[in-house]
Structure formats: structure tokens, C-alpha cells
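Hello,

Here is the structure I promised to pass on.

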Amino acid sequence: MLSTLTGIQIQDHTTSVVRKEQETTVVLKTLLGQSHSLSFHVELEVEEELVETSGGVRCTVTRLQVSVDKRVATQTDLQAFITWVEQEQAVLSFFRLFSEYSEWWSLRHNTFLHFKDHYSDVVRLPMGPYGDEMEFSKVQDPGACFIITWLVTVSSDPWTAIPNITLKVKAKNQMRQLDEKGTLQTCGEVFQDMVRVLGLEQAIHAVIRTTTF
């Protein structure tokens, strides 16, 4: 139920006592899990202090270390977010944004695979199934190659994951010379209009059918 609501699934966790005094206990918690198809490893040191007036316990995160799936670990803006999370001990902020980020990342992966399977003769994934590019062109006389780039970026203030999906064309000089109406130059803008009207999946279907069949 929790993983359905949050997108976060904890697969393993451990707790060990680092130090114990009269009214204070420091524990080390390790969480291993995944969000959608991306894994994470969170290690946090928590100070548990007994509150005499209420008899309760006040918990404070004193150290936080986060690592994520190697397939995305080198992304610069995601690294910047993780650095901020560790500095601020903002473990809840990490789970919120990483769930959002991994949802877009997994959607891109599944979408690209769907079109590669559906149009296997004309669609290629030059950066592999987890890459951010999908290209397609006619089988016979491929005068132009259409490239969809789907980035998942992380922005700050506030921290959020943002998909950025664009279409560009690589065309032979001869084909560009024949394109008197400038269709090739405006195809990116037309694609964005189609996404707004049809939705992403139907827009990609329409572009592939129009340009390759």
C-alpha cells in the first residue's frame, strides 16, 4: 500500500546502536529499496533523546548519506540534489523527488521500448534501452532521420523533476534544398503542438507513421 502511494519500496533495512548514554541513543539506520525501476541506498544516523517532560523521544537526523542507481548516479543535476539532501539531512525530500524522478525515467524507458517493439523496422535506440534518445527513419532511402530526445532534469527552488521532450531532424543537404516550405525546420514546433493536443504517445505514433510509411 505504501509503495503504491509513494512510489518508494523498502526492500531491506537494518538498525544498529552507535552510542548510548543516559538520555541519548545514537542509532545507524540503513535502507535499501527502489522507486519504480531505480534503486537507492540510504544511510542515516539518528540521535534519539528522551524528553523528560513528556516521556517521549525526540529524533534528530545528524548524518545522511545517499547513493542511487548507477544508471543515473552521474547525472549532474541529480548529484547536486543529493548533495543538498545530505547537507540538510532532508531524507523526506529525497524520497519525494526521487520517486518523481524515477517515475519519469521509467516512463521514458517503457515508452521507448513500446515504440521499438511496435515499429521495429524503423525505430532505433542508439543509446540503448535506458538512453534518452529514440530515432526513426524510412527503411528505403532514409533521407532524414528524426530524433526524439527525452531528458529528465532536476531543478531547484523548489526541487522538482521535469521532463523535457523534443524532436529534431538530421537531413541530407539534398533533402533540405528540396524542402522549400521549411517543413524540416518547423517539425520540432509542430511536434510540441501535437503533444499538447493528442498526448505524448499518440503524437509519437503520428510522427512515426507520417515520416516513415
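A pocket here is an open set of grid points with protein on both sides within 12 Å along at least five of seven lines, and its lining residues have an atom within 4 Å of a point. Please bear in mind that this is a predicted model.

Let me start with the second largest pocket. About 210 Å³ of space lies in it. The lining is made up of 14 residues, and Arg71, Gln75, Trp105, Arg108 and Asp132 are the ones nearest the centre. By type, the lining residues split into 7 nonpolar, 4 polar and 3 charged. Helix 3 (91-118) and strand 7 (144-155) each contribute at least two residues to this lining.

Helix 3 turns up again in the largest nonpolar core. That core has 50 residues, with Val42, Leu78, Phe81, Phe94, Tyr101 and Ile148 making the most contacts inside it. Its largest share, 9 residues, comes from helix 3. If you zoom in on Leu78, you will find it in contact with Val68, Val72, Leu97, Tyr101 and Val154, leaving aside neighbours within four places in sequence.

An open sheet is formed by 4 strands in the order 5-6-7-8, with antiparallel pairing. Strand 5 (123-124) and strand 8 (160-171) are the edge strands, each pairing on one side only. Between strand 7 and strand 8 the antiparallel pairing runs over 12 bridges. Val154, one of the contacts of Leu78, stands opposite Ala161 in strand 8.

Best wishes

Note on methods. Residues are numbered from 1 along each chain as its sequence is written. This is a predicted model: local features need pLDDT of at least 70, side-chain atom pairs count only at pLDDT 80 or more; totals for chains, interfaces and linings use all residues. Side-chain values use heavy atoms; hydrogens and water are left out. On a 1 Å grid over the protein atoms alone, a cavity is a set of points where a 1.4 Å probe fits but cannot get out, and a pocket is an open set with protein on both sides within 12 Å along at least five of seven lines; lining residues have an atom within 4 Å of a point. Grid points are joined across faces, edges and corners, and a volume is the space filled by probe spheres set on the points. Ala, Val, Leu, Ile, Met, Phe, Trp, Tyr, Cys and Pro count as nonpolar, Asp, Glu, Lys and Arg as charged, and the others, Gly among them, as polar. A nonpolar core is a set of buried Ala, Val, Leu, Ile, Met, Phe, Trp, Tyr and Cys residues joined through side-chain atoms within 4.5 Å. Buried means under 20% relative accessible area, exposed over 50%, partly exposed in between (1.4 Å probe, protein chains only). Contact means heavy atoms within 4.5 Å. Two strands pair if DSSP finds at least two bridges between them.
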